[in-house]
Amino acid sequence: MTTAYYSTVLDYPLETVWSLIRDFNNYPAYIEGVSESLIEDDRGGDEVGAVRRFCYLGSSVRQRLAIHSDDACLLTYAGLDPLPFPSAAAPNAVSPTAYEGTLHLLRIIEGNRTFIEWSVALDPAPQDAERWHALFQSWIPDWTNSLARALARRGG
């Protein structure tokens, strides 16, 4: 088991950031590279157990919303299928891996900003752990920067 982790400060109020990410189906609105998202079985985007199917960088991905808390501004999602390693990033075959991600927001009083931490726990084959960790360690800051750009487009 390995965990990729990234945290930063967003120059937007907590309520503004949470309003964008709290709907599990809103991924295309703040993650560049996600071309579509659909919640299966007519479930709500804030309903624990909801399954979203989305396309990220040409790959179809399914995730289940495992934890959703408006009080804690926290959501956790679990991959339903092992995630395949992107072939362009790794010409040698890498085993698919199971994963679980968590986004957590905290209010920063000074400046009315938001602290965001995003982690992804991965369960890869031992020989692939370093490559999976490196990939997610590069992706999470990209996703967080994408979120910041989406907030800027909305005007904060």
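Visitor: Which residues in H1 meet which residues in H3?

Guide: Happy to start there, keeping in mind that this is a predicted model. On the H1 side they are Thr-16, Val-17, Ser-19, Leu-20 and Ile-21, and they meet Leu-147, Ala-150, Leu-151 and Arg-154 in H3. By class, this contact has six nonpolar, two polar and one charged residues.

Visitor: What makes H1 mostly covered?

Guide: Six of its eight residues are buried. The buried ones in H1 are Leu-14, Thr-16, Val-17, Trp-18, Leu-20 and Ile-21.

Visitor: How do you know that the reach of H3 is close to what is expected?

Guide: H3 has 26 residues, and at 1.5 Å a residue the expected value is 38 Å. From its first C-alpha to its last, H3 reaches 37 Å, which is close to that.

Visitor: Which residues of H3 are buried, and what covers them?

Guide: The buried residues of H3 include Trp-132, Phe-136, Trp-139, Trp-143, Thr-144, Leu-147 and Leu-151. Their cover includes H1 and H2, along with strands S1 (2-10), S3 (51-56), S5 (74-79) and S7 (113-123).

Visitor: Why is Thr-144 called buried?

Guide: Buried means under 20% relative accessible area. Thr-144 has 1%, so it is buried. This residue of H3 touches Tyr-6, Thr-8, Leu-10, Ile-116 and Trp-118, leaving out residues up to four places away in sequence.

Visitor: Which residues have the most contacts inside the largest nonpolar core?

Guide: That core has 39 residues, and the ones with the most contacts inside it are Tyr-30, Tyr-77, Trp-118, Val-120, Phe-136, Trp-143 and Leu-147. The largest share of the core, nine residues, comes from H3. Take Leu-147: setting aside residues up to four places away in sequence, it touches Leu-10, Val-17, Leu-20, Ile-21, Tyr-30 and Ile-116.

Visitor: And Val-120: what does it touch, and why is it called buried?

Guide: Val-120 sits in strand S7. Its relative accessible area is 0%, and the limit for buried is under 20%, so Val-120 is buried. Beyond residues up to four places away in sequence, Val-120 touches Thr-2, Thr-3, Ala-4, Tyr-77, Tyr-99, Glu-100, Gly-101, Phe-136, Ile-140 and Trp-143. Val-120 and Gly-101 are 19 residues apart in sequence, with 4.1 Å from C-alpha to C-alpha.

Visitor: What does Leu-65 touch, and how do you know whether it is buried or exposed?

Guide: Leu-65, in strand S4, has 0% relative accessibility, so it counts as buried. The C-alpha atoms of Leu-65 and Thr-8 are separated by 23 Å.

Visitor: Why is Ala-29 called partly exposed?

Guide: Partly exposed lies between the 20% limit for buried and the 50% limit for exposed. Ala-29 is at 33% relative accessibility, so it counts as partly exposed. Ala-29 lies in H2 (residues 27-30) and, apart from neighbours within four places in sequence, is in contact with Leu-20, Ala-150 and Arg-153.

Visitor: What makes the phi of Leu-57 worth a remark?

Guide: Most residues other than glycine have a negative phi. Leu-57 has a positive phi of about 50° although it is not a glycine. Leu-57 lies in the loop between S3 and strand S4 (59-69), and at 56% relative accessibility it counts as exposed, the cut-off being over 50%.

Visitor: Where does Asn-112 lie, and what is its phi?

Guide: Asn-112 is in the loop between strand S6 (98-108) and S7. Asn-112 is not a glycine, yet its phi is positive, about 50°. With a relative accessible area of 39%, Asn-112 is partly exposed.

Visitor: Which residue follows H3, and what is its phi?

Guide: Gly-155 follows H3, and its phi is positive, near 85°.

How values were computed:
Residues numbered from 1 in each chain as written. Predicted model: local features only at pLDDT ≥ 70, side-chain atom pairs only at ≥ 80, totals over all residues. Heavy atoms only, no water. Contact = heavy atoms within 4.5 Å. Helix = DSSP H or I, 4+ residues; strand = E, 2+ residues; numbered from the N terminus. Nonpolar A, V, L, I, M, F, W, Y, C, P; charged D, E, K, R; others polar. Core = buried A, V, L, I, M, F, W, Y, C linked by side-chain atoms within 4.5 Å. Buried < 20%, exposed > 50% of the residue type's maximum accessible area, 1.4 Å probe, protein only. Expected span 1.5 Å × (residues − 1).
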